[in-house]
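Dear colleague,

I am handing over the structure that we spoke about, and below it you will find my notes. Please read them with the model open beside you.

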Amino acid sequence: MENIVKNETRRDFLKVSGTVAGGLALGFYLPSGPRVAQADGGGGYASPNAWVRIGLDNVVTIMVARSEMGQDVYTSMPMLVAEELEVDINKINVEFAPPAEVYINALLGGQLTGGSTSVRDAWEKLRKAGASARMMLIAAAADQWGVAADSCKASDGVVTGPGGKRATYGSLAAKAAQMEVPKDVPLKPASQFKIVGNVRQKRLDTAAKVRGTAQFGIDTMIPGMAYAAVIMPPMIGGKVSSYDDTRAKNFPGVKAVVQYSRGIAVVAEDYWTAKKAVATLDVRWDAGKMANVDQRSIWKGLEDASQQPGAVFREHGDADAGLAAAAKTVTSEYRLPFVSHSPMEPQNTTADVRADKAVIITPTQFQQLIPHVVAGATGLKPEQVEVQTTFLGGGFGRRVEVDYAIDAAEISKAAGMPVKMIWSREDDMTHDSYRPAGIFKFTAGLDSAGKLSAFRFHSTSPSISSRLFPSIVKDGIDPFAVEGIDNFPYVADGGMRFTYQMHDTGVTVGYWRAVSHNLNAVALESFIDELATAAGKDPIQYRIDMLDMGSTKHQWSGLSAGVPVGARMKRALEQVREKSNWGKKLPAGRGQGVAVMEGYNTVIAMVVEVTVSANYDVQIDKITSVVDAGTLIHPDQALAQMQSCINFGQSACMWGEITVKDGAVQQNNFDTYRVARINEAPKELNIHFIKSDSVPGGLGEPGTAVVQPAIANAIFAASGKRPRTLPYTPENIKAG
Amino acid sequence: MAVRSCQTQIGSVAGQQVTTIEGLGGDHRVQRAWMALDVPQCGYCQPGQMMSASALLAMNKNPSDQDIDAFMSGNICRCGTYPRIRAAIKAAAKMS
């Protein structure tokens, strides 16, 4: 994502420079301005660097530069700082950081939260930020006492020195901020961790979320604020042709009716009035290019495109010759539909756009982009746009998009007042950026022993990055469209070829939790099960026997390039076989299915047990998973992310399907777009993490993909039917 | 009785007593159990989950998994906190 424009916004005190430490950008406040700043409302503080503020009252604030959408960055990232800063993690304050260059995610090239990168990017960087601040506090104390720095020690927010000398961080903060920034910042070995890996550590945001005081975007209140409800074209890419707002304008409490780029907004003194008034608008739409698009035309388009050769993204030997020489070939095709993000908090933004500045308060995963797009929409300069990130009521990739922030800014500007724009559930579900649909074709050659000898894969799906980050799309390959299979972990000595055919269906597509792992790995791990069946082998042993133990992963996006995965997969599969009691006797109608995947530098093996009724209704009885995610920073929340991924993947593969008719999305709420309820959650869920001291892997996403083929394979084991079209509805299972 | 505020018109509860998450007081056993088990992820649905859970416990002192599933299935969580919600309701049932 190297094309992301660098952010130039600064707060006055936030003068940053970038130095490089250990290959990661580590930024510090420049000494040019005062580094002792007065915080709003009194209580001064000093900042040794961009992540740490030490209050003169000894209260330590740690800045979190990623968006908290459930995945625990609010706790896990400060844990990394606190580990080296030597402060009590449970006594710190946390603040969400504004957009600034220093906070750029080195793995993604922008200040955004996604790609299961937060902890991976932070792992060294934030510990170094904590250690560097601690060293500056010690240096300040040593200087003050006239002793050597190495005769002093920091612990629990206090520096101690020879002869019983003692000073709190708060008393040293102002001086510490003036000390030289250390160049060499050694880090603790894992054996000395007190905070990182603490299994009893609680989330720092739980109390606020349990007491109802956590501020989501939708809770935002600013002085003079009005509420905006909107109506947007039902057809994807449609436009307002004309409208009659006579009734809406005359509604008591309505302040303005404004047209903005995408639709029409009613701005009123309260949300209910705005919502009622917007329903009275009589709008004529220009349906645009999607007017005649429906499911049939979308799938016809994908089918036709899938006849094209596509672009090769991985090749080894001669796959065609290998297939011709095979003792047996197996061919299969999988189809996956569009699915919706639908986080519980509908999209919203509070915008106050004035002639010379704008304030945007929003639940976003991509705060860095907002000043630029709001500047573009309002005529302001990016540095005139202040962005405040709230808690996110779910993200899942939807909030990487900044569309709703642009809309709110346009509405505020047109109405001439601060507004909180709130989408309804219906607005949200019908104006999502959907997980791409696609067709996934496989041909495998097996030798006389049933072993994989040649492999051919051809996928056809829309490219997300072509819209959002076009510069990373090269030679017909979107790296985010081939993940989950570009790291194909099995050996096929006779040759393999992997191709991708890009095809735009007109439906807006976006990054959806685990992105194309949900396409490629779901299809692949189902197909591998087909091969095991064709070879008459046990699905776990068959995978283990075929793993490529020598190779390193081939990852286009470079997020975890070069990490050998064969051995990690083998270990995870062996452990899940044992822990799931794999192969145990089950009554008729029940079955176990397995899947394994590497994604985001995390390896997950999973066994799902299901019951399939005579009508092909599926109940998930038990899930056992073994996860190798390297070092766990906050183990209980690593577990929570696996629980979360399983739920999200289950919803998608069991019921998730967005369909289009006359260019419009047909599902608009949870009655037509079904997601898992508590009664559908697995009855038993056993997640085991492999103890490891290697670098952390990502956990926010990969489980979402793995659970889906594991469910499909369990359905096959239970019913003899293999669903190749998702979701796994009774109709699609029956057709398998 | 627990109702969802996003689906309830204020006129329909005229003259009745309404308790919201703030009304649980912060130290309600459901809230204590939720904190002890770190139930919330994004947290957005959790006030609703806790209001339903407190309504369930008000009429069923010791709910089974089936009772919990039946009573709580109207509250959607997209983060997948369901296993912890089940455990937290059982933990709350044991608290005074």
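The notes that follow take up a sheet and the helix on it, then two further elements, and lastly the interface.

This is a predicted model, in which local features need pLDDT of at least 70 and side-chain atom pairs count only at pLDDT 80 or more, while totals for chains, interfaces and linings use all residues. Residues are numbered from 1 along each chain as its sequence is written, chains are lettered from A and ligands numbered from 1 in the order in which they are written, and side-chain values use heavy atoms, with hydrogens and water left out.

In chain A, 5 strands make up an open sheet of mixed pairing, in the order β16-β24-β23-β22-β17; strands (E, at least two residues) and helices (H or I, at least four) are DSSP runs numbered from the N terminus, and two strands pair if DSSP finds at least two bridges between them. The edges are held by β16 (311–316) and β17 (328–336) of chain A, and because each has a single partner strand, one side of each is left without a neighbour in the sheet. From one strand to the next the twist averages 10 degrees, where axes are lines fitted to C-alpha atoms, for helices over the stretch in contact, and angles run from 0 to 180 degrees between N-to-C directions. Within this sheet, β22 (residues 438–446) and β23 (residues 452–461) of chain A run antiparallel and are joined by 8 bridges, and A:Thr443 has A:Arg456 in β23(A) as its bridge partner. Helix α14(A) packs on the sheet, where it touches β17, β22 and β23 of chain A, and its direction makes about 150 degrees with that of β17(A).

A:Ser526 belongs to this helix, α14 (residues 517–535) of chain A, and it counts as buried because its relative accessibility is 1% (buried means under 20% relative accessible area, exposed over 50%, partly exposed in between, with a 1.4 Å probe and protein chains only). A polar atom of the A:Ser526 side chain lies 2.9 Å from the backbone oxygen of A:Val522. Beyond its neighbours within four places in sequence, A:Ser526 is in contact (heavy atoms within 4.5 Å) with residues including A:Tyr334, A:Asn713 and A:Arg722.

Two other elements of chain A are also mostly covered. In strand β11 (residues 226–231) of chain A, 5 of the 6 residues are buried; β11(A) pairs in the parallel sense with β21 (residues 419–422) of chain A over 3 bridges, and in the antiparallel sense with β14 (residues 264–268) of chain A over 5 bridges. Helix α15 (residues 539–546) of chain A has 6 of its 8 residues buried, so it is largely enclosed by the rest of the structure.

As for the interface, 46 residues of chain A are in contact with 34 residues of chain B. The two chains, A and B, bury about 3200 Å² between them, 57% of it on carbon and sulfur atoms, buried area being the accessible area (1.4 Å probe) that two parts lose on being put together, summed over both. On the chain A side, A:Val210, A:Met344 and A:Ile678 lose the most area to chain B, together 25% of what that side buries. Between chain A and chain B there are 2 salt bridges (a side-chain nitrogen of Lys or Arg within 4 Å of a carboxyl oxygen of Asp or Glu), and the side chains of A:Lys683 and B:Asp69 meet in a salt bridge at 3.7 Å, N to O.

With best wishes

How values were computed. Polar contact = N/O pair within 3.5 Å; in protein donor to acceptor, adjacent residues only side chain to side chain.
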